[in-house]
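I opened my notebook to look up a few features of this structure. Here is what I wrote down as I went along.

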Amino acid sequence: DADPALPEFDKLNRQVAKIQESRKTPKSYIKTIAELEDYMNEAVAKQKVTPKKMNAIAARGLNAVKQKIKKVNKDYQSQIEAYRADNDAFMDSEEEEEKVSKPKKTVRIAEAEDVAEPLGEDDGFATVGKGGRTLQFTPESIFKHLRGIIESRGKKNTDRTEQIKTMEKLSEIASTPYQKIRVLLALVSTRFDLSSSGATSMPVEHWKAAEKELATLFEVLEANPDYVVVENAEEWEDDEKPPALEEGEKYIKVPGSIVSFIERLDDELTRSLQNIDPHTSEYIERLTDEGALYNIIFRGQLYYEYLRKDAALDITQESINRVVTRRLEHVYFKVS
């Protein structure tokens, strides 16, 4: 289980950041992060060829740690290469390591990115960020903006509404199946964050938007069967180019959990109904959304049954069971 390693790794990086304020980067730190990266690469490679697959939660934890290590190590690439070339000579040398400048933390996507690609008539859009700076969004910059949004999730003062508006625009300019899938997954997930506290239900307009976006996601996946959304997929790290089918591979796997989206959409409708007076026309109108929800659940069942036909995808029966359970709850009368 790689999850416990992430807090310790973050703690190590914070300590090193304090040291860098007054002196050079410790060589022992370079050694540690280099060996840690090697270990993680070996663990990921071993997991790929192991007959017994890692469960989805552990796989996500492993990928999260791998991504974090890779991101940190980029700032020390020259020292890491020197260490790997001759670790004894590196540890004995007195050369001063490069002092790494801390990246400026950003929260709002409008402040986080400054892309300067030229825009054509239908190639993208531009927004005015804080300070009057014009920010441009193009199909080529989609993944950069998505990464900025994903990394800011859960941080204090994050403007989720602004992020949703940005992703809605990104969804409009997404031109490839992979771009559309990535944007839709991030967009639906961010909408659910609007009610993550549990105190209030998800705003109706965002619920309806999430339902439509899930329907669009199914349409994209059905039209492009070589792309699949599965929980045990590795996160694609290159923001400059999309993944391509490798020799011997049948699918391009995108990490995500459609069954979790379905369950959350169902739960949010129930929570919304619980907060509406059942004797009002608003309640009756809200009940009509159950039909759209049922269609999403049914399409989810068909999708998981389709994926499960290919043993190589390692889709568990549990995922299908979870979707079927939700479907049954809407088929049979529920006693109050």
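Helices here are DSSP runs of H or I with at least four residues, and strands are runs of E with at least two, numbered from the N terminus. I am looking at a predicted model, where local features need pLDDT of at least 70, side-chain atom pairs count only at pLDDT 80 or more, and totals for chains, interfaces and linings use all residues. Residues are numbered from 1 along each chain as its sequence is written, and side-chain values use heavy atoms, with hydrogens and water left out.

**Entry: helix α13**

I looked up Glu290 and found it in helix α13. With a relative accessible area of 28%, Glu290 is partly exposed. My note on the terms: buried is under 20% relative accessible area, exposed is over 50%, and partly exposed is in between (1.4 Å probe, protein chains only). The C-alpha atoms of Glu290 and His330 are 8.1 Å apart, though 40 residues separate the two along the chain.

Next I turned to Asp314, which sits in the loop between α13 and α14 (317-331). Most residues other than glycine have a negative phi. Asp314 is not a glycine, yet its phi is positive, about 55°. I also noted that Asp314 is partly exposed, at 33% relative accessible area.

**Entry: helix α7**

Lys144 belongs to helix α7 (residues 142-152). Its relative accessibility is 28%, so Lys144 counts as partly exposed. I found 8.1 Å between the C-alpha atoms of Lys144 and Glu240, which are 96 residues apart along the chain.

**Entry: helix α4**

Which residues are buried in helix α4 (residues 77-85)? I wrote down Gln79, Ile80 and Tyr83. Seen down the axis of α4, these buried residues fall within an arc of 100°, so they line one face of the helix. The arc is taken from the directions from the helix axis to the C-beta atoms.

**Entry: aromatic rings**

How many aromatic pairs does the structure hold? I noted seven. Rings of Phe, Tyr and Trp (its six-membered ring) pair if their centres lie within 6.5 Å; planes under 30 degrees apart count as stacked, over 60 as edge-to-face and the rest as tilted.

The rings of Phe192 and Phe261 have centres 5.9 Å apart and planes at 50°, so I listed this pair as tilted. Phe192 is in helix α9 (residues 177-193) and Phe261 in helix α11 (residues 258-274), so the pair ties together parts 69 residues apart in sequence. Phe192 counts as buried at 3% relative accessibility, and Phe261 counts as buried at 11%.

For Phe218 and Tyr303, the ring centres are 6.2 Å apart and the planes are at 65°, so this pair is edge-to-face. Phe218 lies in helix α10 (residues 204-223) and Tyr303 in helix α13 (residues 289-308), so here the parts tied together are 85 residues apart in sequence. Both Phe218 and Tyr303 are buried. I also jotted down one aromatic cluster, formed by Phe143, Tyr178 and Tyr227.
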